[in-house]
Amino acid sequence: MSDILLSVKNLVTSFSTDSGKVAAVKGISFDIKKGETLGIVGESGSGKSVTSLSIMQLLASNGFIESGKISFLGKHKNVENLVGLDNISLRELRGNHIGMVFQESMSALNPVMRCGEQVAEAIRLHLKEDRSTAKESVLKLFEKVELPDPERIYAAYPHELSGGQMQRVMIAMAISCNPELLIADEPTTALDVTVQKSILKLISDLQLQTNSAVLFITHDLGVVAEVADRVAVMYQGKIVEEGPVEKIFRSPQHHYTKSLLACRPPLNRKVKRLPTVSDFLKGKGNFVEKVWNSTSLKERRAVLSEREDLLKVKDLNVRFAGKKNWFGKPLSYIQAVKNVSFTLKKGETLGLVGESGSGKTTLSRAILRLAPIRSGKVIFEGENILEFGTEQLRKWRKGFQIIFQDPASALNPRMTIGRAILEPMTVHGIYNSSEERVKQVFLLLEKVGLKREHFDRYPHEFSGGQKQRICIARALALKPKFIICDESVSALDVSVQAQVLNLLLDLQEEFELTYIFISHDLSVVQMMSDRILVMNNGEIVEQGYPEDVYNNPKEKYTQQLINAIPRGIV
Amino acid sequence: MQHYIFRKLSYGLLVLLMVILLVSSIIYLAPVDPARLTFGQRADVETVKAKKEALGLDEPLYYQLGYYLRDISPINFIRTNHPAIHQYNYFKIFSVSERMFIMKKPYLRDSFQQGRPVSTMLAEAIPRTLILALIAIVIALIVGIVFGIIAALNKDTWLDQTIISISILGISLPSYVTAIIFALIFGYWLQAWTGLEMQGGLVGLDDFGDEKIFWKNLILPGLALGVRPIAIITQLTRSASLDVLDQDYIRTASAKGLSFVKVIRKHLLRNALNPVFTAASGWFASLLAGAFFVENVFGYNGLGLLTVQALLSYDIPVILGAVLFTAGSFVVLNILVDLMYGLIDPRIAKQ
């Protein structure tokens, strides 16, 4: 027993809402040993973050721990039960014995306080150091978390740093008082794969040095496999399976664990459809995987190559104005897209990968003439759209749609979803009567797996995955030929992501849609795309068929990207 | 940054020019003869005509306007023997034959009624109004921020509801109504208890006929003027604090082990008060203008009272001078507010 650091027993955490009490964590128990890393995996809403906040007693004001016991048995501090502990002892524990790294460091750091001071604050509080020695300690910490130029970062405000650097500051803050337990709540979500890899490495290196225990919370099985010793899988507020990481990955017992593992697009083969969680939970544990083999791929490519070109981009250059002079005349430019050329066949999917800032989104916007094009040609069905007038462009854009990353902000919260889908049809005057349009909306709703009754509901009544389906239905309303999916599944849980990806593939087949599929997740791109473009600094560094790019990457940059993918245990 | 300030200043000059054009057209087009008003009940036609000539009121409107602009411009290119020159307090830069290039203090002319220079009259009145507005805004900031934070921390309780209800009442009351109510309650009914007067200026004559500053005469006008800002700052602070309380970095601060008071002081306040301070400095400018009513009700001898009296007697130079000052302070304060944004929030300075 002596090596147990944190022990959670029958924890029940609830939230009081307008519609009564809702339990988010329904009686979970687990232990963390000293120096061990426990990974908690689950989808959003599974209660994993609530668990971590319950340990820290930092629940939102309407949340409360109903029952259960949380014991902390540290070297310097022993607390029989954290639940119901007085504020002063809790404050002594927080930051000092338990450090926490939050998701999205951009919002988790105070925007108007210098980074160094935010870290020094904890040191001065718990270790009672004065201002100058605390600064020394912070600079040392910054070196420890491998931040370049600690002096500069000490004086910098969060917005002046990159996402990875901010997360390193967060980590420095969490480990500043040498806590025995480090809780990391989705620390690498929203970071590029390469940055994610370096942060994960940093966390495990620090753990080796300090021998602290880590509670690592994530929705990404691949990530958890890289860092954790043991894994607990959470589903609907309960731990459904727990065990050593090897065992969970090699012989998962629970249907949910199996489905979570299966609905991640695999890297070593190109599947036709992804299994979803409901496939597994309905008892259909044996999902028959349909894979593209070399003959079927050859056939598809032969079919595609005979089709006509839908879109042809030639030597496209896009640049934004940088510094401006007195009269607003730009003095320098930022070249976002450099000499990009490619062609796209009808019904083909082009995958666009690269880190943030590589120019993927700008390129896709430039094709719609939504970015300042410097030179080049964009030929769509034989016509150069750069020569279009405003009216012609407006009509032409009807055939184009974009599906964005965040469905919540892409939908007007005060408009029923039926009207949201109806609106573009009315604006462009498609179909003759409004009855016909409404009928069409019903059809579209059914097509994306929603019901007719949903017509009069508002966006907040839907889950993230459903909202994205609504956005897809809206995009389809104008019968587009061409859809740009800009990180369309990045904000979704893996199981929901699988459903949306399947939907996109089905729709492509049915309507002969052409996609440009932008994502930072290379496994998703691999599954969706017929061809892949790898972008870096606005240039296409490599292009080819997915299996060629993944198996034999020619460029160093592509290799780096592929090596950074958390593989898990395959 | 310099470009930005330069551009703002040029817009400001344009605004001032438009103000002069607008105000002077309204005044000059009104069917009142200022020259006639300078005399009492009896005045013969000849005297009025002579006065009119002396004031330059017989010239065409655009001439009068041009002369006024010439008088208030800080730089002039003027004939050496020009009759207006002895009015100016100028500094010669260079001269070309008959003309010279001068820099001067803007000449706001003399009051029609009192014959004193308008600049002297403004210089007396402005500090009094400035003190009044400053007191009002300081009261408003202290009371408003405290109540706003109390309301935010007790969201949806009776305390919060009460504070909101009172502040809505405060916003809806026009300042002259508040002023009259305050004067009546504290200056009349409770006069024996408060010892405050219903009316009285900051500078007055004491029992021995010497000039004396009556600080207590600041209290009631200051409160009356502060009511609306208090109400608005309370609501602003409340909503900004609620926003900030929801932010992740507040949770981060608690996760560090900081005490509740420290989280509020070091992390909440600075983020929540950005909009409050900038709004307050904007309000300061409007308080200078809003003081018109309050000063009038309390007979407080500041800029507002001066302007109202000038309006009643068609004292054109005083009206123009006062309006120019008010408009100018709006322009300057707005630029200062923009600069302050950058100081308080480093994210904005970068843009």
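How many salt bridges does a search of the whole structure find over all chains?

Author: The search finds 30 salt bridges over all chains, a salt bridge being a side-chain nitrogen of Lys or Arg within 4 Å of a carboxyl oxygen of Asp or Glu. The model is predicted, so local features need pLDDT of at least 70 and side-chain atom pairs count only at pLDDT 80 or more, whereas totals for chains, interfaces and linings use all residues. Residues are numbered from 1 along each chain as its sequence is written, chains are lettered from A and ligands numbered from 1 in the order in which they are written, and side-chain values use heavy atoms, with hydrogens and water left out.

One of these salt bridges joins the side chains of Glu36(A) and Arg230(A), with 2.7 Å from N to O. The two residues lie 194 residues apart and link distant parts of the chain: Glu36(A) is in the loop between strand 2 (20-33) and strand 3 (37-41) of chain A, and Arg230(A) is in strand 9 (residues 230-235) of chain A. Helices (H or I, at least four residues) and strands (E, at least two) are DSSP runs, numbered from the N terminus.

Strand 3 and strand 9 of chain A also pair with each other, in the parallel sense, over four bridges; strands pair if DSSP finds at least two bridges between them. Within this pairing, Gly39(A) has Val231(A) of strand 9 of chain A as its bridge partner.

Both strands belong to an open sheet of six strands in chain A, ordered 6-7-8-3-9-10, with mixed pairing. At its edges stand strand 6 and strand 10 (238-244) of chain A, each pairing on one side only. From one strand to the next, the twist averages 15°, where angles run from 0 to 180 degrees between N-to-C directions and axes are lines fitted to C-alpha atoms, for helices over the stretch in contact. Helix 7 of chain A lies across strand 6 and strand 7 (181-185) of chain A and runs at about 170° to strand 6.

Chain A contributes 27 residues to the contact and chain B 24 residues, contact meaning heavy atoms within 4.5 Å.

Two salt bridges are found across this interface. In one of them, the side chains of Glu121(A) and Lys266(B) meet at 3.4 Å, N to O. The elements giving two or more residues to the side of chain A that touches chain B are helix 1 (48-56), strand 6 (98-101), helix 3 (105-108), helix 4 (115-126) and helix 7 (163-175) of chain A. Helix 4 of chain A gives the most, with five residues. By class, that side of chain A has 17 nonpolar, six polar and four charged residues; Ala, Val, Leu, Ile, Met, Phe, Trp, Tyr, Cys and Pro count as nonpolar, Asp, Glu, Lys and Arg as charged, and the others, Gly among them, as polar.
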